[in-house]
Amino acid sequence: MNILITGGAGFIGSHVVRRFVKNYPNYNIYNLDALTYAGNLENLKDIDDKPNYKFIKGDIVDESFINKLFADVDFDGVIHLAAESHVDRSIEDPLAFVRTNIIGTVNLLNAAKNAWKDNFEGKRFYHVSTDEVYGALGEQGLFTETTAYDPNSPYSASKAGSDHFVRAYGETYGLPYVITNCSNNYGPYHFPEKLIPLFINNIMENKSLPVYGDGKYTRDWLFVEDHARAIDLVFHKGKNHDTYNIGGFNEWQNIDLVKLLCSVMDKKLNRAEGESEKLIAYVKDRPGHDLRYAIDATKINKELGWKPSVTFEEGLELTVDWYFDNSDWLSHVTSGDYKEYYKKMYT
Ligand code: NAD
Ligand code: TYD
């Protein structure tokens, strides 16, 4: 099998690429990534010499490049993760999100449809999406696969748009697709602009921890390797033209999560209990901040037997340990030096 994974140099994509390269030596894994600020080939240092792995630098928005790629390689499957992924950036620059998340996705859909249209048998377009397309929950309830889309941020609106296009290609052209909508991920290789890695880095550096609004916003956190395992399962066993929600059954109010993280960090840094909490600073809220996300992951559990493998406490401990053990990775990311890795290795 030739599998195209897009966005494989990013946070979740790098875990998916590593898993597929290691677990399926008989597959050829092509990692297509534009290496935006979020793409970092150091995430894949340990596997980049494997014979079944190939990195391709390219932009999914570039139609002729994508068409040529599909003409050059006979792909059996696409696992599409490439995206602009940060809500705060989407508030600053929504068009960047429209370009990559909507136009880029439609480019890929077109190329796959054209390459496969004579025989869709055995082909699959797997679109990786987010629970944020469902909008915000109140205090009660969970997102199921049939919850109506109601996105609030430019990021979630662009992901919702891409999901609609994937389904439209399924209905209109018969393209075999599957979509998963996952809750917030955390773990190794997470870019330190998102809550958990940003706060780990800030605690290490004794910088303040900017908690938006009153900190009472709720997210459902999933360890990234559990997401990669779910993607593997759905890619191989999921039903075509179907959707699966993926989540941790693990809701945390931001402020409680931050306090837990502070206490884990105090122990690692041999600080007195309560020391890191002093860094918490309540700051101006994010505009349009969604109150609560929470996934009902019953379907993927019942149909495919998937469930998270680690508790949040275990996953957070693993994550914090990883950031301590990989201070080079973190300093390359925060200083921007990670951009040199591509030049050194690939040019
Ligand atoms: P990320 O920002 O860490 O990685 C995105 C990757 O896509 C980067 O390597 C980047 O270089 C690449 N990319 C961006 N624009 C591109 C373009 N135009 N062409 C080619 N490559 C491009 O994101 P992530 O957190 O790993 O998320 C991956 C996917 O999973 C996204 O589709 C996101 O919407 C989805 N998702 C993320 C989460 C989460 O908690 N992080 C949760 C659910 C779903
Ligand atoms: P984030 O990691 O950006 O993920 P998402 O917006 O996709 O859920 O944010 C997680 C939660 O943490 C969200 O409610 C916003 C909040 N947050 C802060 O309070 N401070 C911060 O500096 C960041 C980055 C996020």
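These notebook entries record what I looked up around the two ligands of a predicted model.

**Conventions.** I number residues from 1 along each chain as its sequence is written, and I letter chains from A and number ligands from 1 in the order in which they are written. For this predicted model local features need pLDDT of at least 70, side-chain atom pairs count only at pLDDT 80 or more, totals for chains, interfaces and linings use all residues, and side-chain values use heavy atoms, with hydrogens and water left out.

**Ligand 1.** I found 28 residues around ligand 1 (a heavy atom within 4 Å). The closest are Ile12, Asp33, Ser85, Tyr155 and Lys159. I then looked up polar contacts (N or O atoms paired within 3.5 Å). A side-chain N or O atom of Asp33 is 2.5 Å from an oxygen atom of ligand 1, and a polar side-chain atom of Thr100 is 3.0 Å from a nitrogen atom of ligand 1. Ligand 1 taken alone exposes 840 Å², of which the protein buries 96% (Shrake-Rupley method, 1.4 Å probe). I note that β5 gives the largest share of the shell, 3 residues (strands are DSSP E runs of at least two residues, helices H or I runs of at least four).

**Ligand 2.** I found 18 residues around ligand 2, with Glu132, Pro210, Arg219, Arg286 and His289 coming nearest. Oxygen atoms of ligand 2 lie 2.6 Å from a polar side-chain atom of Glu132 and 2.5 Å from a side-chain N or O atom of Arg286. The protein buries 97% of the 510 Å² that ligand 2 exposes when taken alone. I record α6 (195-204) and β8 (209-212) as each supplying at least two residues of this shell.

Notes: Polar contact = N/O pair within 3.5 Å; in protein donor to acceptor, adjacent residues only side chain to side chain.
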